[in-house]
Amino acid sequence: MRRRRRRRLGKMVLGTLLMAVPCRAEVWLELDQAMARARSVAPAVVEAETAVQVARAAEVGARLPPFGNPSVEVFTGQQRHAELEVDAKLYLPWEVAGQRSARMAEATQWVSWRKLGERESKARVVGEVVVAWGMVVISAAKVEQSLQAEQEAEKEAQWVSARYEQSASTLVDKSFAQSETMRWAQTRAEAQTQLQMAQFRLAYLMATPTTGLPRARDQLVLPVMRAPSEQDLVRKLLEETQLLKVIEAESAFWRSSTERAMRERTPPLNLVFSGGRGDMGEPRFTGGLAWSIPVLRRNQGEIARSEAERMRADALRVSLRGALEARIRSDWHVFHTARNAVLDVDTRGMPATEQLVSAAYAAWRGGKGELVQVLIARRDLAAARMRRLDLVATAWRAYGDLVALTGERP
């Protein structure tokens, strides 16, 4: 009875622990789903969104009234055989040179800059997701193809070993078949490593522990380029790219910062109100103005720095526009070159290589060829398939690089 109670208690504890552990199913997301998830939860996107909130906090101080905190001075004293003297002064600083409007304009430009930075971060992350998603699919296909080749080589090695036991093949054939198996095992291990690295990268961008494996990874489809021509793509991306808009917003921010520093070099005007009681007990009330003369300190350092930052942003924008045009044209040509090469391999190269493998294998089985010819033919076929996947990977990298400019498919 005690043993049964212990077993029941152990099962209850185990069930409770299993229910407490969160279930993380490895679900593979399609490309659009992965892009949408990364657009909302990627670390870089979250950082950019919080930066917008920080910029909006600056608007709180910019909207304050143009009056500063008042300051009070109180003096008391008493002469011999006289009444107690009291003299109090109230200073109220008042910004009369438009400092408040300049601060509000600067805060507004800062918020606009950060908002565009948020959009640029989303676009850049989405482009990285496109590349990472394609690398996962391609790496999974490489693992599948290398595993299939390894299994075929293992079967071939077993068959050659059996023939060697019957003195129907040589030791060279047996060793060659075994080395081919080991070579494909090493290729599979390398492909699995690449797959794991691609999965980790995609999981990081989507802020999820796991990503799962793609479905139907044996049917790789190249991404589709919607732009009809190179010139249309260049014009569209240069108009919509978030990176140039961020640089423009930065330049506008530093321009407004310069304006704010120039306005604040004029000190506030202090309204002075004085009241008290004289040595005869009579009341005294006066008023006046106080102003700090801007002669030696006139925000020279802040103005110079803001102007330098604005000129840096303007120069960077001009240089970056030319660099982005070169980048877009390069990605266009790389994408179409890789795409045309894949189509050529699928229509002409792959069928011819498969026929060569079949012919070499049939000749060897019929005793009219050598095993080395079969292995070389199979190795060429596997290498052709791997090179095809490399071409597809190149197309995905170029495509993702273009997506990173706008966050949308080009």
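User: Where is Ser-330 placed?

Analyst: Ser-330 sits in helix H8, residues 300–365. Helices here are DSSP runs (H or I, at least four residues), strands are E runs of at least two, and both are numbered from the N terminus. Keep in mind that this is a predicted model: local features need pLDDT of at least 70, side-chain atom pairs count only at pLDDT 80 or more, and totals for chains, interfaces and linings use all residues. Residues are numbered from 1 along each chain as its sequence is written, and side-chain values use heavy atoms, with hydrogens and water left out.

User: Why is Ser-330 called partly exposed?

Analyst: Buried means under 20% relative accessible area, exposed means over 50%, and partly exposed is in between (1.4 Å probe, protein chains only). Ser-330 has a relative accessible area of 38%, so it counts as partly exposed.

User: What is the order of the strands in the open sheet?

Analyst: Two strands pair if DSSP finds at least two bridges between them. Here 4 strands run in the order S1-S2-S3-S4, with antiparallel pairing. Strand S1 (71–78) and strand S4 (283–291) are at the edges with a single partner strand each, so one side of each has no neighbour in the sheet. S1 pairs with strand S2 (residues 84–94) over 8 bridges, in the antiparallel sense. In that region, Thr-76 stands opposite Val-86 in S2.

User: How do helices H3 and H4 cross?

Analyst: You compare axes, which are lines fitted to C-alpha atoms, for helices over the stretch in contact; angles run from 0 to 180 degrees between N-to-C directions. Angles under 35 degrees count as roughly parallel, over 145 as roughly antiparallel, 65 to 115 as roughly perpendicular and the rest as oblique. The axes of H3 (residues 43–62) and H4 (residues 99–165) come within 9 Å and cross at roughly 175°. That's why H3 and H4 are roughly antiparallel to each other.

User: Which residues have the most contacts inside the largest nonpolar core?

Analyst: A nonpolar core is a set of buried Ala, Val, Leu, Ile, Met, Phe, Trp, Tyr and Cys residues joined through side-chain atoms within 4.5 Å. The largest one has 54 residues, and those with the most contacts inside it are Val-129, Trp-133, Leu-202, Leu-233, Ile-328 and Trp-396. H4 gives the largest share of this core, 13 residues.

User: What is Trp-133 in contact with?

Analyst: Contact means heavy atoms within 4.5 Å. Leaving aside neighbours within four places in sequence, the partners of Trp-133 include Trp-28, Leu-31, Leu-202 and Trp-396.
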